[in-house]
Every structure is written in C-alpha cells, then in structure tokens.
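Here is a short briefing on one helix and a set of strands. Keep the structure open as you read.

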Amino acid sequence: MVSIDPARGPSAGAAAESAAGEDLGQEARAAGTASGGWPDRALGLARRLGDAAPFPGEGRTGELWDLLAALGAADLSVARVVEPHLDALAILRQAGLGRPEAGSMWGVFAAEGPGTRLEARRTAEGWRLHGTKPWCSLAKALTHAVVTAHTGPDARRAFAVPLGHPAVVAREGGWHALGLPGIPSGPVDFDGVPAEPVGEDGWYLERPGFAWGGIGVAAVWHGGALGVARRLWAAASQRTPDQIALAHLGTADLALGTARAVLADAAAAVDARRAEGSAGALWALRARGTVAAAAEAVLTVADHALGPAPLAFEAEHAQRVADLRLYLRQHHAERDTAALGRSLLEAGERPW
C-alpha cells in the first residue's frame with residue numbers, strides 16, 4: 001500500500017513555486033464544483049500538487065501554507081480536496097513510510113463522534129478495522145485514507161486504509177450542508193477492513209506534525225477570508241466609497257494582516273524546530289484562533305458593507321460565504337481559546 005521513497009524529485013521546488021500564484025487560483029476555480037467535472041479535476045490537481053508541494057517542517061512551510069491559502073481564496077471546496085491529501089502524504093512521510101503508490105488519492109479521517117467507534121484488532125493476517133468512523137470527507141472519491149482507530153480502551157493508532165475494499169461502506173444521504181456541498185462528510189462503516197499501521201499507539205496525536213497540520217487548515221481559512229474580502233474590495237473600487245465603506249476596508253485589512261502575520265510566524269517557528277511538543281500545540285491554538293477570528297471579522301464586515309444583494313444574486317459569493325462559515329466551525333471557538341490560555345499558563349513563561 002505504501003512504498004518507501006522519502007525524497008521528492010529534483011524539480012519539486014520549481015513546480016511548487018510556479019503553482020503558488022494566480023495560475024494556481026485559476027486552475028482551482030476551473031476545478032471547482034460550479035465548473036463541471038466535479039470532483040475529478042480537483043482530484044487531479046491534488047495529485048499534481050502532491051508531487052510538488054513542500055512538506056511542513058522541512059524549511060519551506062511558509063510556501064506550503066501560501067499554496068493552501070491561494071487554493072482557499074479561489075475555491076474552498078477544491079482546497080478541501082487538496083489539503084487533506086497533502087496532509088496524508090506528510091503523515092506517511094513523518095512515519096517513515098514515504099510515498100504512497102502512484103495515482104492514489106488520500107484523505108485523513110481522525111474525528112471522533114458520539115455514538116460511533118472504530119476499533120482496530122490484530123489478527124493472524126494483520127490489523128483489521130471494525131466499526132464506524134464519522135466525518136469522512138469525500139470517502140467515495142478517494143482511494144485511501146489515514147484513519148485513526150481505537151486499539152484499546154484508552155489508546156488510538158493511525159492506519160493506512162484502502163477505501164476501495166468491499167467492506168468499506170460510505171453512508172449516503174446524510175449530508176445536507178449548504179456550505180461545501182461537494183464535500184460530503186458522512187460516516188463510513190468498516191467491517192474487517194485490512195489496515196497498515198502508521199506509527200505506534202498515540203503517535204498520530206503526539207507527533208509534531210499534528211499541530212502543523214492544524215495550522216495548515218487555518219491557512220485554508222485565511223484563503224477563504226481573502227476570497228470574501230476581494231469581493232468587498234471590488235465593491236469599493238466600483239464607486240467612490242464613503243467613510244463607512246473605507247472603515248469596512250480598513251477593518252478587513254487589519255484582520256487579514258493579523259492572520260497573515262501569525263501564519264508567517266508559525267511557519268518560521270515550525271522550520272526552526274520551535275513548534276514541537278507543547279510549544280507546537282500552543283502555536284496551533286494561537287494560529288488557528290487568530291485566523292478564525294480574522295475570517296469571522298471579514299465575513300461580518302462583508303455582510304455589513306455589501307448588504308443582501310451579493311448573497312442573494314451572486315452564486316460565487318454566496319457559495320464562498322456558506323463554505324467558509326461551515327469550514328470555520330472546525331475551530332472550537334471559546335473552548336480552543338480557553339485551551340490556549342491554559343497552554344500559556346502551563347508554559348510557565350510570560351508570553352508578552
């Protein structure tokens with residue numbers, strides 16, 4: 001399932017640089033849910049970027065997060081296809097498993113939910129998964145996923161799982177979201193599905209890359225906020241703005257600048273090996289909280305500045321707003337802010 005090939009090709013850096021800009025945005029828009037051919041073109045883009053994008057923690061983390069933000073600004077659904085594929089490749093690399101088989105398309109299913117439990121059992125033939133995993137995005141379109149499962153009462157482990165196995169059943173009909181409608185994220189049932197361990201018990205949550213992946217998601221939120229703010233800019237540019245319109249632009253700029261700054265600082269900390277262990281968890285809480293607050297500020301100011309017309313009559317803007325509102329709910333709001341405060345106190349040093 002996974003082959004050992006830890007190095008990227010020599011042209012990976014140039015390919016990533018050429019992709020991270022307006023050309024990437026145009027390609028993402030062309031692969032979006034409104035363009036036809038969904039999700040095949042988005043999956044193809046994810047595979048291509050999987051061969052080109054930098055890995056986090058290897059000196060070019062800022063480039064990776066800029067790439068994710070560019071995708072989010074263009075089309076959040078496309079970003080929701082690409083980001084977990086890149087995250088899964090990074091997880092496999094961090095576990096020492098290297099590159100997966102050519103042409104495979106990966107997701108990461110690590111959420112837990114009430115009333116569901118996925119268990120991993122060791123048999124004479126290897127590990128097998130039994131039970132149900134919630135929040136499995138695009139499970140029917142992917143070939144593989146990194147899936148976390150319980151190996152005991154208080155232990156979980158990550159596994160590489162082939163989603164094309166006949167004992168994998170993605171439930172249909174439960175996804176009613178107005179945001180990200182092309183990314184169904186319902187439960188998946190596993191009935192004795194073979195699985196390859198990715199790390200030992202507890203490794204998935206304890207590795208430094210867990211925090212880095214969470215910040216990568218925040219980079220996509222930042223991109224989504226940029227997309228909304230660009231509609232605000234376009235409206236202000238089409239007529240002479242009054243003081244209120246200027247204040248709206250200024251508010252958006254302050255929010256986006258704060259988000260951009262914390263992502264840049266976090267990327268520098270990751271590449272300097274200053275974002276591991278408890279320090280990495282603190283960086284993730286800080287970056288995700290800052291970006292989530294900035295994105296929510298941009299959504300609010302855009303609503304105030306633009307009024308109902310774009311939400312009612314512009315499909316692209318209305319969909320982008322709905323997508324971003326749903327995606328931001330991956331952030332646990334006040335609970336994550338409280339966790340940040342706890343982490344600051346436990347660090348034992350005055351943070352400011």
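Just after helix H5, Gly96 takes a positive phi of about 80°. This value comes from a predicted model.

**Helix H5**

- Helix H5 covers residues 76-94, which makes 19 residues.
- At 1.5 Å a residue, H5 should span 27 Å.
- H5 is mostly covered, with 17 of its 19 residues buried.
- At the start of H5, Asp75 points a side-chain oxygen at the backbone nitrogen of Ser77 and comes within 3.0 Å of that atom.

- Strand E5 runs over residues 155-162.
- Of its 8 residues, 6 are buried, so E5 is largely enclosed by the rest of the structure.

**E5 with E4**

- Strand E4 takes up residues 144-152.
- A hairpin of 2 residues links E4 to E5.
- E4 and E5 pair in the antiparallel sense, over 8 bridges.

**E5 with E7**

- Strand E7 spans residues 188-198.
- E5 and E7 also pair in the antiparallel sense, here over 3 bridges.
- Phe159 has Pro197 of E7 as its bridge partner.

Methods:
Residues are numbered from 1 along each chain as its sequence is written. This is a predicted model: local features need pLDDT of at least 70, side-chain atom pairs count only at pLDDT 80 or more; totals for chains, interfaces and linings use all residues. Side-chain values use heavy atoms; hydrogens and water are left out. Helices (H or I, at least four residues) and strands (E, at least two) are DSSP runs, numbered from the N terminus. The expected span of a helix is 1.5 Å times one less than its number of residues. Buried means under 20% relative accessible area, exposed over 50%, partly exposed in between (1.4 Å probe, protein chains only). A polar contact is a pair of N or O atoms within 3.5 Å; within protein, one must be able to donate a hydrogen and the other to accept it, and residues adjacent in sequence count only if both atoms are side-chain atoms. Two strands pair if DSSP finds at least two bridges between them.
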